[in-house]
Amino acid sequence: MVVEGSLSAQRTAQEEDPVATLAEGLSIWVGKLSDLVKRVVDTGPIRNVINWARMYSLWPVNITTACCSAEFGAASGARHDLERFGVLPIGSLRQSDLIVIEGTITKKMAKRLRMIYDQMALPRYVIAMGDCAMSGGLFHDSYSIVNGAHEFVPVDVYVPGCPPRPEALEQAIIMLQEKIRRSKVYEQG
Amino acid sequence: MSAPPKPVPLTTVESTETSDSGAQTLTLSVGPQHSGSGHMRLIVEVDGDIIVNVAPDPGYVHRGIEKIIELRNIIKSIPVIERPSIIDSSNLNHAWVRSIEEIQGVEVPRRGQYLRTLLNEMNRIMSHLYWLSIYGVFLGHTTMFMWPLGDRELFIDMAEKLTGARITYSYLVPGGVRRDLPPGFAEEAVKRTEYFEKRLKEYDRIFFNNPLFTSRAKGIGVLSKEKAIELGCTGPTLRGSGVDADLRKDEPYAAYPELDFEVSTRPDGDSFSRAMVHMDEMRESCKIIRQIVKKIPAGPIRRKAPIVLPRGVAYGRVESARGECSFYLIGEGGDKPYRARYITGSYRNMAAIPAVLLGNRLADMPTAWWSIDYWPVEADR
Ligand code: SF4
């Protein structure tokens with residue numbers, strides 16, 4: 001199914017690369033300095049430090065799409081307390097790193113979700129929570145929904161369940177952190 | 001209320017229109033990405049910081065449930081029916097099975113009726129606690145976010161023991177319920193509800209008697225008795241405006257006629273009254289739960305009901321956490337309904353959103369708006 005107005009699900013390249021812009025002027029006499037910097041950042045302990053910072057400050061943006069938000073609420077609440085993983089829901093798009101798509105995505109909401117995704121700063125991650133966000137789930141034959149979040153945004157982790165238990169969401173966060181820890185600094189987002 | 005403004009493009013701020021008084025007004029689009037609005041959008045027109053016009057823009061969670069019901073048989077529809085208000089799932093489920101039983105002419109055994117009522121009341125508490133925790137977020141009161149969600153787990157654990165699921169139970173089926181009480185449930189229920197009632201006193205101390213809340217809620221978002229009736233409000237919103245209307249008393253169903261409880265009403269119709277109605281209802285629900293586990297009769301929990309909807313028309317309604325939830329069901333002899341009309345409490349209370357917001361300050365919007373307990377998923381269905 002095609003969402004009207006949505007862009008393709010391709011990840012946008014890292015246009016805003018501070019190191020690259022800095023190295024541009026220098027590249028006249030050092031050749032490919034930016035490549036050198038990238039290599040240094042990605043191999044040395046710098047990469048570990050950057051990834052460590054990214055792993056433990058996953059701030060999800062405040063966007064709820066459907067009923068899975070009840071379990072997201074329970075997960076951020078007292079018993080499960082997502083904040084101990086560094087997950088602190090925040091209203092500002094520019095400061096957030098993560099979208100947790102909480103359930104069914106209607107056609108009306110899909111456009112807004114893509115808009116929100118495009119406004120977020122790199123690197124950004126997406127967790128698709130619930131069967132609905134994976135494949136349409138219970139409402140797969142409905143006339144008004146999009147069957148799966150991957151149709152309009154790239155998804156990092158899927159959480160099955162209808163709704164997934166808070167423990168499952170915690171596991172998804174840990175998996176995402178593991179993914180960040182293993183990935184290269186310039187290839188995230 | 002004047003005519004709703006034209007929908008503005010998403011997340012755009014315009015300062016073009018001129019209101020009747022000649023002053024410049026500003027149109028704001030609040031939501032759907034907004035910490036205080038969830039899965040819906042409010043188009044708010046402000047003059048200075050006074051709200052002069054509000055148009056709700058629902059439909060972000062419209063999943064076509066009425067159509068889906070026509071495609072599934074009446075048992076497979078149960079999970080779909082629960083989804084609109086997942087935190088209050090068994091009450092919605094109850095409206096569905098009641099309308100089916102009315103067409104089928106099936107009598108539910110008394111023990112089954114009691115078990116239904118038990119889960120309904122537990123759900124009411126859970127739903128109100130969820131509402132309260134979000135209220136805490138809206139007012140920037142983190143303790144009030146954490147406490148209710150923590151105490152909600154008390155009841156979630158009980159419901160999980162009873163039904164096997166945390167929040168989506170599918171526990172009520174035509175003819176009765178799926179499972180009997182697990183051993184030791186009665187003592188557990190008494191212990192937990194008594195503990196919870198003590199906690200409610202602490203809620204009063206830290207939140208409801210707190211100037212932080214009272215000064216922002218008393219006299220804010222007033223919905224008069226006449227207006228509430230005129231708009232067709234229901235549930236705590238209606239009772240918060242001083243109307244004594246509760247289907248559990250007015251049209252008793254399940255085990256309610258045999259239970260002793262009171263309907264809470266507050267005369268003022270402001271955000272504070274509506275919040276207090278929620279608190280009173282949680283106390284009453286605790287009482288009802290204790291009565292049920294004491295009085296529950298022995299016997300079968302389920303009577304055999306066919307997976308066939310005979311030709312006929314039925315209207316089943318219950319008092320859910322957010323007000324009256326009803327089904328108008330037409331059967332044509334197959335295992336699927338010909339048509340099902342599904343009305344929920346939030347859907348009916350949507351009309352109250354402009355009424356409570358108009359004339360208030362923009363900063364009071366979260367308090368007034370969320371006191372209606374409007375759950376967009378339930379309203380859009
Ligand atoms: S996966 Fe289930 S709980 Fe989650 S949004 Fe879909 S229907 Fe609702």
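**Close-up views of a predicted model**

**View 1. The ligand site is shared between chains, because residues from chains A and B surround the ligand.** The model is predicted, so local features need pLDDT of at least 70 and side-chain atom pairs count only at pLDDT 80 or more, while totals for chains, interfaces and linings use all residues. Residues are numbered from 1 along each chain as its sequence is written, chains are lettered from A and ligands numbered from 1 in the order in which they are written, and side-chain values use heavy atoms, with hydrogens and water left out.

**View 2. A:T106 of chain A is buried, with a relative accessible area of 2%.** Buried means under 20% relative accessible area, computed with a 1.4 Å probe on protein chains only. The side chain of A:T106 reaches the backbone oxygen of B:Y60 at 2.6 Å. Not counting residues up to four places away in sequence, A:T106 touches (heavy atoms within 4.5 Å) A:S144, A:I145, A:V146, B:G59, B:Y60, B:V61, B:H62 and B:R63.

**View 3. The largest nonpolar core holds 139 residues.** Such a core is a set of buried Ala, Val, Leu, Ile, Met, Phe, Trp, Tyr and Cys residues joined through side-chain atoms within 4.5 Å. B:L42, B:W96, B:M122, B:F196 and B:L357 touch the most other members. Apart from this core lies another, of 20 residues, among them A:F72, A:A75, A:F85 and A:V87.

Conventions: Buried means under 20% relative accessible area, exposed over 50%, partly exposed in between (1.4 Å probe, protein chains only). A polar contact is a pair of N or O atoms within 3.5 Å; within protein, one must be able to donate a hydrogen and the other to accept it, and residues adjacent in sequence count only if both atoms are side-chain atoms. A residue is near a molecule or strand if one of its heavy atoms lies within 4 Å of it.
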